[in-house]
Amino acid sequence: VVEDPVFLLESNEWEKLAENRNIQQIPSKYVLCFELVPHIDFQNVIDSLKKQYNLPVIVLTMAINSTLKAEYVIRAAGPKEFIYLIKNADAVISTSFHCAAFSIIFHKPIYSLLTTHAPTRIVELLETYGLERGLINNGKATKYLVEPNQWDLIDNKIFNGRAFSIDYLKSLERHFE
C-alpha cells in the first residue's frame, strides 16, 4: 500500500501551485469550511467553531443547493484556490478526505464530519497522524491545538511514507521496463 498521491509532493511544491490562484479578497485569518458532501451538522459545527476561534468563516462549496451560511461563500474555485484556502486557514472543517490531507500537510487543525462518502478513509487518515480529536461524530466540535513537536512527528511520518511509496513505485517501473 502506498500513500495517497497528495502526500507524494512536499508542502512547498503544493504552495507553488497555489501562488497563481484567482481568488477574491478574503480576510487574513479565517476558518475554512469545505462542503464536498452535505452533512446535517455542518452549520452547527461552523457556528460553534466560529465562536471558539473568534474568526470569520469562509464556506467553499460546489453544491448549488447548499444552505450553509457564513461571512464569505465561494461557489467556484479550482485546485489552486482550494489549496490556497486550506494553506492560509487557521482551521478547516470538511467532509473531504483530500481536504483533510491538505490540512495535515499545511499544519491546520482539521474537523472532519463523517458521511457515508468515505468515513473509514478519513478516520484512518486522522488516526494515522494522531489527529482523531478532529473527528466529529455527534455534531459537536471542540477547538484543539496541535503542538509544534506533534507537527514534527507528523511531518516525519509523511516523509517516511513518501520515501517508501516513491521507492516502491520506482521498483514497479523497473520491473515493467
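Is lysine 50 buried, partly exposed or exposed? Lysine 50 is partly exposed, at a relative accessible area of 33%. Buried means under 20% relative accessible area, exposed over 50%, and partly exposed in between (1.4 Å probe, protein chains only).

## Basis

This is a predicted model: local features need pLDDT of at least 70, side-chain atom pairs count only at pLDDT 80 or more, and totals for chains, interfaces and linings use all residues. Residues are numbered from 1 along each chain as its sequence is written, and side-chain values use heavy atoms, with hydrogens and water left out.

## Salt bridges

Side chains of opposite charge can pair when their charged atoms come close. The structure holds three salt bridges. The term means a side-chain nitrogen of Lys or Arg within 4 Å of a carboxyl oxygen of Asp or Glu. Helices (H or I, at least four residues) and strands (E, at least two) are DSSP runs, numbered from the N terminus.

## Lysine 50 and glutamate 71

Lysine 50 pairs with glutamate 71, with the closest N and O atoms 2.3 Å apart. Lysine 50 sits in helix α2 (residues 42–53) and glutamate 71 in the loop between β2 (57–61) and β3 (72–74), so the bridge ties together parts 21 residues apart in sequence. Glutamate 71 is partly exposed, at 38% relative accessibility.

## Aspartate 4 and arginine 121

Here the closest N and O atoms of aspartate 4 and arginine 121 are 2.4 Å apart. The pair links distant parts of the chain, 117 residues apart: aspartate 4 precedes α1 (11–18), and arginine 121 lies in helix α5 (residues 119–128). Aspartate 4 is buried at 13%. Arginine 121 is partly exposed at 38%.
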